[in-house]
Amino acid sequence: MKTVLDLNQLNDNILKVKALLIELEASASSFPALSRNSKRALASVKMMELNLCDLVTLGLTDHPLSSNP
Amino acid sequence: MLDQEYWNPVLETLPREKLKVLQFKKFKQILTWAYTRSKFHKALYDKAGLTPDDIRSFDDIKKIPKVEKSMMREIQNKDPFPYGDALCVPLEEVSVFRQTSGTTGQPVYQPDTWQDWEWWSECWSFILWAQGYRPSDRVFLPFGYNIFVAFWAGHYAAEKLGCEVVPGGVLDTQSRILKIMELKATAMMATPTYVLNMADVAKSKMGIDPATLSINKITCAGEPGAGIPSTKRRMEEAWGAKVFDHSGATEIGAWSYECRKQPCGMHVNEAMFLVEIEDLETGEIIEEPGRKGKMVITALDRIAQPCIRFDSKDIIEWDSESCSCGRSFRLIRGGVLGRADDITKVKGVLISPAAIEEVVRSIDGLGDEFEVVVDKQGDVDRIKLKVELLPEITQISVENRLKDQLRLKTNLGYQIEYYNYGSLPRYEAKAKRFKDLRKKDTAQKEGRP
Ligand SMILES: [Zn+2]
């Protein structure tokens, strides 16, 4: 059986992580270990955006796996 | 999760009309990015009288001027050093350097940000997942880890998937085979030439049958071989493994892959790339299957040195069939069929080195290696084919079949030279088996270097 995904919820969570990392990177500019790791993590978050968020933004997510209308 | 067929179950099955919407949006985005950040791209588009706002529909994309490798060579070695005006990010954002191999001229430098590097390995993750790589795999990478991108991103993608990665860098071929045996590696990535070369070394120098080793899948890149049925068969039989094709390039990224269904072709990753096929003579964009043309490609998400309508010179054609794996990404039939630079006329007939390879490797008594030399005898083209006979195979037993197949598949008569097994050059990465001496002859006659 296929797992149904709440794509909008997944999208929201990705954007929340992104916002937190942006904030962390900015606020830890004098703390290289935190700011550089945040920047690096943001590159990974970007990959999640490419994999999902662009579709949600364009309203292209009425997919068989999606629970969203 | 592990039985999931797709790396991205949404993107890889997205209906085609939605894929086009996504591609168009991303194309405009990367075009605007390059136009506003790179003097090179701005000048190129200004000269054509175009701005990103002029691209209003998918059909408008073909108005955007193509970028050739030679243009990249001209702008490099200048500030911001060494990349020049195509760089779209501050130099301190560049975290990775690679360069092209320089087989077609001066190498081109390729800067990538860390995000770009993540993107490289993301594209490779689509490939490896589709080919059945899973966290339980122990992946051996027998390539020179250096300035060439080769399988670097495959390494990072395999790590991302959770595989165990064994970097088989500065080892000779025999040591690599021993390491595969010692660690019971299950997967490997290499050029077709090297996959065959390793098998040959294992058998002839070490007395090891590679099919008895633990490798069950091999991902190829760098040459068309894994898409050539006879070469694929030789590799699969030698290693007792599934062999999968993939295509990528330093300036482009990892843009296509064969899936586990092995549909005699590769899926274009259309979520990350826009591939157009251009008629070699008219320049018209080919939409229909079965017509060969030159690939013009855009990497939709690469930001440091964007790749927008890059004239790749790869010859491909759309497949008329869809794949039983369920991916909606289009298939290119037979993978990359050759390079526009290599497709040449001999005695007025268009030939591709891949067609000759398909014939040679379909003849059981011949070795894997061969060489094609085109020159002139007086004013007439001459094409010479050098092949190796396997031990205990006589010329007479293969001669007629080879000649007939060559005539049938390439429409040409060849001067065939037979060599003992092991006499022709062996290669560790990309092979140089096709030599066209006619241009050299003409240059010498005209006193040019
Ligand atoms: Zn498929």
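Reply: Gladly! Let me begin with a definition: buried means under 20% relative accessible area, exposed over 50%, and partly exposed in between, with a 1.4 Å probe and protein chains only. Helices (H or I, at least four residues) and strands (E, at least two) are DSSP runs, numbered from the N terminus. In helix 8 of chain B, residues 229–239, the buried residues are B:S230, B:T231, B:K232, B:R234, B:M235, B:A238 and B:W239. After helix 8 comes B:G240, with a positive phi near 60 degrees.

Me: What should I know about the conventions?

Reply: This is a predicted model, in which local features need pLDDT of at least 70 and side-chain atom pairs count only at pLDDT 80 or more, while totals for chains, interfaces and linings use all residues. Residues are numbered from 1 along each chain as its sequence is written, chains are lettered from A and ligands numbered from 1 in the order in which they are written, and side-chain values use heavy atoms, leaving out hydrogens and water.

Me: What makes B:C259, B:H267, B:C323 and B:C325 donors of the zinc ion?

Reply: Donors are N, O and S atoms within 2.8 Å of the metal (3.2 Å for Na, K and Ca); water is not among the atoms, so sites may look incomplete. Here B:C259 (SG), B:H267 (NE2), B:C323 (SG) and B:C325 (SG) lie 2.1 to 2.3 Å from the zinc ion, so they count as donors. Along the chain, their spacing is C-x7-H-x55-C-x1-C.

Me: Why is the site of the zinc ion called tetrahedral?

Reply: Four donors count as tetrahedral if all angles lie between 85 and 135 degrees. The 4 donor atoms make angles of 100 to 119 degrees, and the site is tetrahedral.

Me: Are B:C323 and B:C325 buried or exposed?

Reply: B:C323 has 9% relative accessibility, so it counts as buried. B:C325, at 7%, is therefore buried as well.

Me: Why is B:S352 called buried?

Reply: Its relative accessible area is 15%, so B:S352 falls under the cut-off for buried. B:S352 sits in the loop between strand 17 (349–351) and helix 9 (353–360) of chain B. Contact means heavy atoms within 4.5 Å, and B:S352 touches B:L337 and B:I343, leaving aside residues up to four places away in sequence.

Me: How do you know that A:K39 and B:E93 form a salt bridge?

Reply: A salt bridge is a side-chain nitrogen of Lys or Arg within 4 Å of a carboxyl oxygen of Asp or Glu. For A:K39 and B:E93 the N to O distance is 3.4 Å, so the pair qualifies. The rule finds 2 salt bridges across the interface of chain B and chain A. Helix 1 (16–37) and helix 4 (114–130) of chain B each supply at least two residues of the side that touches chain A. Helix 4 gives the most, with 6 residues.

Me: What makes B:E392 and B:N411 worth a look?

Reply: Most residues other than glycine have a negative phi, and most peptide bonds are trans. B:E392 has a positive phi of about 70 degrees, and B:N411 has one of about 60 degrees. At 83% relative accessibility, B:E392 is therefore exposed; B:N411, at 53%, is so too.

Me: Which peptide bonds are cis?

Reply: Two to look at are the bond from B:D79 to B:P80, with omega near -10 degrees, and the bond from B:F81 to B:P82, with omega near 0 degrees. B:P80 lies in the loop between helix 3 (69–75) and strand 1 (94–99) of chain B.

Note on methods
Tetrahedral: all angles 85-135°; square planar, octahedral: opposite > 155°, others 65-115°.
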